[in-house]
Amino acid sequence: MNELEALALALEVEKAEMRFYLDLARKTKDERARKMFLFLAREEADHWEQFEEKFLERIAEECKLPAVSEELLEKLLVKVENVESEVDAVKIGMEQEKLTWEFYEKASQEAEHEGVKRIFEELAKVEKAHYELLKAQYDAVMKTGIWMDYQDFSLEVD
């Protein structure tokens with residue numbers, strides 16, 4: 001997969017994740033979970049804007065639009081079928097964030113241009129932080145880890 005294809009795929013992933021978190025925010029009854037899902041939706045929208053900017057720069061350089069592989073996109077998006085509880089939603093979110101951060105790490109290693117490499121590296125870190133946020137929420141709900149009122153990790157990336 002070349003850089004333009006990776007950027008095009010990343011745009012689709014971020015858009016799908018944003019819609020996913022907005023949908024979960026609408027469906028959840030728990031106020032803290034709703035706020036967390038809205039936060040994550042805003043984060044994904046910000047990522048989309050960053051990828052869009054780099055994508056447009058690269059299109060201008062290349063003067064061509066890449067096709068997004070539907071098969072690859074399907075592999076990068078978790079199938080959401082039955083979300084009956086906050087735990088289900090958080091587990092699905094964790095799985096999605098893990099797929100995304102791993103894809104971005106791989107894309108950064110394969111990137112040819114420094115700017116493209118950097119954006120994939122930076123957003124891989126942010127997606128991993130999203131995973132950690134969801135994991136902390138899961139631990140709190142399952143009473144297996146820290147409570148969400150106590151921040152044991154940082155959403156700030158280096």
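Analyst: Helices (H or I, at least four residues) and strands (E, at least two) are DSSP runs that are numbered from the N terminus. By that definition, Lys54 has its place in helix H2.

User: What makes up the secondary structure of the protein chain, and how do the elements run from the N terminus on?

Analyst: This is a predicted model in which local features need pLDDT of at least 70 and side-chain atom pairs count only at pLDDT 80 or more, whereas totals for chains, interfaces and linings use all residues. Residues are numbered from 1 along each chain as its sequence is written, and side-chain values use heavy atoms, with hydrogens and water left out. The protein chain has five helices and zero strands, and from the N terminus on its elements run α-α-α-α-α.

User: Why is the protein chain called as compact as a globular protein of that length?

Analyst: The radius of gyration, taken over C-alpha atoms, is set against the globule rule, which is 2.2 Å times the number of residues to the power 0.38. For 158 residues the rule gives 15 Å, and the protein chain comes to 16 Å, which is close to that, so the chain is as compact as a globular protein of that length. Along the principal axes, its C-alpha trace spans about 50 × 35 × 20 Å.

User: Why is Lys54 called buried?

Analyst: Buried means under 20% relative accessible area, exposed means over 50%, and partly exposed lies in between (1.4 Å probe, protein chains only). Lys54 has 17% relative accessibility and therefore counts as buried. Contact means heavy atoms within 4.5 Å, and, not counting residues up to four places away in sequence, Lys54 touches Leu7, Gly115, Val116 and Ile119.

User: How do you know whether Glu97 is buried or exposed, and which residues does Glu97 touch?

Analyst: Glu97, whose place is in helix H4, has a relative accessibility of 0% and so counts as buried. Leaving out residues up to four places away in sequence, Glu97 touches Glu17, Tyr21, Glu44, Glu127, His130, Tyr131 and Leu134.

User: Why is Glu105 called partly exposed, while Glu112 is called exposed?

Analyst: Glu105, which also lies in helix H4, has 36% relative accessibility, and because this value falls in between the two cut-offs, Glu105 counts as partly exposed. Glu112, by contrast, has its place in the loop between H4 and H5, and its relative accessible area of 64% is over 50%, so Glu112 is exposed.

User: What makes a set of residues a nonpolar core, and which residues have the most contacts inside the largest one?

Analyst: A nonpolar core is a set of buried Ala, Val, Leu, Ile, Met, Phe, Trp, Tyr and Cys residues joined through side-chain atoms within 4.5 Å. The largest such core has 23 residues, and those with the most contacts inside it are Phe51, Phe55, Phe103, Tyr104 and Phe120. Helices H1 (3-27), H2 (31-62), H3 (70-76), H4 (86-110) and H5 (114-142) are the elements that give two or more residues to this core, and H1 gives the most, with eight residues. A second, separate core has 18 residues, among them Ala25, Met36, Val78 and Trp101.

User: Which residues is Phe51 in contact with?

Analyst: Neighbours within four places in sequence aside, Phe51 is in contact with Leu7, Ala10, Leu11, Glu14, Tyr104, Ile119, Phe120 and Leu123.
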